[in-house]
Amino acid sequence: MTSADQVLPLSTSAVPFLPVPAPRYDRSAVRTGIVHIGVGGFHRAHEAMYLDRLMNAGLALDWGVCGMGVLPGDLAMRNALAQQDYLYTLVIKHPDGTTDPRVIGSIVDFVHAPDDPEAAIERLADSAVRIVSLTITEGGYNFNQATGAFDAANPDVVHDLAAARNGVGGPRSVFGLVVEALRRRRQRGVAPFTVLSCDNLQGNGDVARRQFTAYASLIDSSLGAWIGQDVAFPNCMVDRITPVTLDRDRQQLEAMHAVHDRWPVICEPFAQWVLEDHFPAGRPSFEESGVQMVEDVSPYELMKLRLLNASHQALCYPGYLAGYRFAHEVCADPAFVAYLLAYMDREATPTLSLVPGIDLAAYKCQLIERFANPAVGDTLARLCAESSDRIPKWLVPVVRDNLAAGRPVDLSAAIIASWARYAEGRDEQGAPIDIVDRRREAVMAAAGRQLTGDPLAFIRDRDLFGDLAERPEFTAPYLRALDSFHQLGARATIERLVAASR
């Protein structure tokens, strides 16, 4: 344990005296080459960490990160980082309870766009910026879940389109900011930056291209065509479990390592980044820091989305209903482990193609080990949040692929049924559930109607599920599972599903 006067607050001047590993490079020599929009825990545990590795090796000093916040809530992150010279501590938590902290220095600035949209645009338009990376969540790409069409009725998009056409007011959305910066670079004869999506979407670069091009075309068709043709949008797969930082994490960092950090990042030991090598404006030597540079990311993307991400959804809803609150608690229950492996083996794996260099059997076992890490403390509430952005992208495609091939969908249907039961807003003990979802009112209303005479109400939302409510080969196992969740409870339903899968 340490005393209060021994704890060092993070700052540039404190770096030489910190009792944990810290940047060995001169941060005053780092120049911004990347603007990252959406600075949260994941970016700081992933892309910024890889860049810090390179900088410690004497590489990539011209690829420093300027963080950018687009939402009003991003101000808290800006303020926390600014008060400690944009340094922060990345704390790896191992299953045996040991921790491995390291201070990261690759972020060197932060712009909060709502405070000064013009300054944000000009930062993006700066010729020194050659990559604009994004973690804006799956829902941040502003498209209809069923059709993929750009939502031009989004209030921020409506505002930004009017501002762009009338020349009055600054943009509010990521689309308005990025497209205006690209327009200025084109006008000034400055080469466009590469847009790098790091969100959990299949073909995340392709999705980003479609959405930014669609927005730009609503302003100027030639601008949209130029962005579609001349701006690079590489695909990538990102992977690292990064739970929400809690006060106890800050306190533990001070008690165990004598470092005061306003917003440290907690993560698991595992990290993976598979990246399509398409950066016309240049890039850091990512391969020197452990990133897999490949021609085609899609096999790795599908593996991660359909095995890891969809399995997170498989465990979180029934686990929460059964009374668990952490992922590691669920994965200490043999019935749930058997259920997760059955989903991965029987329904997810048949939809995957060959993944170069990956032993899928070992990967699936490793996923269970990662989920079961008690030190990470990943909450089920985090995994259950924003389901209307996740299930349509991670699980519904598994259902559709299996239906098209005539394969069973019993376990996938049960995962969706467990979300429907969870969205009713009370667990099996009658305690209220705080539903966190951008479509909260709609999903809870649909879950309520399934209790009053329309058992298919939840999946009738075509924006989320398309025509699945009209497919008997899906609705039959869905209704069986939903009825079982209501009549028998989550754990008994899981046991029955596992027995049936055998």
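# Briefing: sheets, a buried glutamine and overall form

Two strands count as paired if DSSP finds at least two bridges between them. Helices (H or I, at least four residues) and strands (E, at least two) are DSSP runs, numbered from the N terminus.

Residues are numbered from 1 along each chain as its sequence is written. In this predicted model, local features need pLDDT of at least 70, side-chain atom pairs count only at pLDDT 80 or more, totals for chains, interfaces and linings use all residues, and side-chain values use heavy atoms, with hydrogens and water left out.

- Strand β2 covers residues 32-37.
- Six of the six residues of β2 are buried (under 20% relative accessible area; exposed is over 50%, partly exposed in between; 1.4 Å probe, protein chains only).
- β2 and β3 run parallel and share five bridges.
- β2 also pairs with β7 in the parallel sense, over four bridges.
- On that side, H36 stands opposite S133 in β7.
- Strands of a sheet pair through backbone hydrogen bonds, either parallel or antiparallel.

**The sheet β5-β4-β11**

- Three strands make up this open sheet, in the order β5-β4-β11, with mixed pairing.
- Its edge strands are β5 (99-104) and β11 (265-267), and each pairs on one side only.
- Neighbouring strands are turned by 20 degrees against each other on average, direction ignored.
- Angles run from 0 to 180 degrees between N-to-C directions, and axes are lines fitted to C-alpha atoms, for helices over the stretch in contact.
- Strand β4 (residues 88-93) and β11 run parallel, joined by three bridges.
- Within this pair, L90 stands opposite V265 in β11.
- Helix α2 (residues 47-56) packs on the sheet and touches β4 and β5 (contact means heavy atoms within 4.5 Å).
- The direction of α2 makes about 75 degrees with that of β5.
- Helix α9 (residues 247-257) also packs on the sheet, touching β4, β5 and β11.
- The direction of α9 makes about 100 degrees with that of β5.

**The sheet β9-β12-β13**

- This open sheet has three strands in the order β9-β12-β13, and its pairing is mixed.
- From one strand to the next, the twist averages 15 degrees.
- Strand β12 (residues 272-276) pairs with β13 in the parallel sense over three bridges.
- L275 stands opposite M293 in β13.

**Q272, a residue of β12**

- Q272 sits in strand β12.
- Q272 counts as buried because its relative accessibility is 8%.
- The side chains of Q272 and Q292 are joined by a polar contact of 3.0 Å.
- A polar contact is a pair of N or O atoms within 3.5 Å; within protein, one must be able to donate a hydrogen and the other to accept it, and residues adjacent in sequence count only if both atoms are side-chain atoms.
- Leaving out residues up to four places away in sequence, Q272 touches H46, Y50, M237, V238, D239, Q292, M303 and I358.

**Loop residues with positive phi**

- A60 has a positive phi of about 65 degrees although it is not a glycine.
- A60 is in the loop between α2 and β3 (64-69).
- At 12% relative accessibility, A60 is buried.
- N142, likewise a residue other than glycine, has a positive phi near 60 degrees.
- N142 is in the loop between β7 (131-134) and α5 (155-166).
- At 9% relative accessibility, N142 is buried.

- A492 lies in helix α21 (residues 490-501).
- A492 is partly exposed, with a relative accessible area of 26%.
- A492 and G139 are 353 residues apart along the chain, and their C-alpha atoms are separated by 33 Å.

**The whole chain**

- The protein chain has 21 helices and 13 strands.
- Its radius of gyration, taken over C-alpha atoms, is 23 Å.
- That is close to the 23 Å that the globule rule (2.2 Å times the number of residues to the power 0.38) gives for 502 residues, so the chain is as compact as a globular protein of that length.
- The C-alpha trace spans about 65 × 60 × 45 Å along its principal axes.
- Buried residues make up 57% of the 502 residues.
- Of the contacts with a separation of 6 or more, 77% are between residues 24 or more positions apart.
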